[in-house]
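Here is a short note for someone opening this model for the first time. Please read the points beside the structure.

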Amino acid sequence: MEMIYPETWWGFMLMYLAVFAGGGLLCAIAQLLIVKTKLTPARILVIFLVAGVILQTVGAYEPLLNIFHSGIAVPIVGFGAALAKGSINAAMQYGVFGAFAGGLIQTAFGVGAAVVASYLVTLLFNAKSK
């Protein structure tokens, strides 16, 4: 997928507005689920992850990504889509066993970076319980 970047300041403003709208819509849906249901935050997280997997599987994630850019790619929905995309690609290349490993291969760098960053933060700061 090739990202199209605007060439005018107005185009950049529209892109930022789309990113804000996409991320804001996801946050609003999550907040509604928290307020209106008895779902725990962990279950809501799983719902968003599975939604990303489903969107990628049915081919709806890429068009949404072209509209909302990082507003939909950065949250957990984007992680679910990356898992599905890696699994689909590896399954096409290696068969059934590739489906199990593909998602991990696709997301390994991001997960590794998060682990290293969280470790560095624990070295720099001294957390205190209340």
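1. Helix 6 covers residues 96-124, 29 residues in all. At 1.5 Å a residue it should span 42 Å, and its end C-alpha atoms lie 43 Å apart, which agrees. The expected span is 1.5 Å times one less than the number of residues. Helices are DSSP runs of H or I with at least four residues, numbered from the N terminus.

2. The model is predicted: local features need pLDDT of at least 70, side-chain atom pairs count only at pLDDT 80 or more, and totals for chains, interfaces and linings use all residues. Residues are numbered from 1 along each chain as its sequence is written, and side-chain values use heavy atoms, without hydrogens or water.

3. Helix 6 bends by about 55° at Ala108. The bend is the angle between axes fitted to the seven residues ending at a residue and the seven starting there.

4. Which residues of helix 6 are buried? They are Gly98, Gly102, Gly103 and Thr107. Buried means under 20% relative accessible area, with a 1.4 Å probe and protein chains only. These buried residues pack against helix 5 (76-94).

5. Thr107 sits in helix 6. Its relative accessibility is 8%, so Thr107 counts as buried. Leaving aside neighbours within four places in sequence, Thr107 is in contact (heavy atoms within 4.5 Å) with Phe79, Ala82 and Leu83.

6. His69 lies in the loop between helix 3 (61-68) and helix 4 (70-73). His69 is not a glycine, yet has a positive phi of about 50°. Is His69 buried or exposed? His69 is buried, at 13% relative accessible area.

Terms used: Helix = DSSP H or I, 4+ residues; strand = E, 2+ residues; numbered from the N terminus. Buried < 20%, exposed > 50% of the residue type's maximum accessible area, 1.4 Å probe, protein only.
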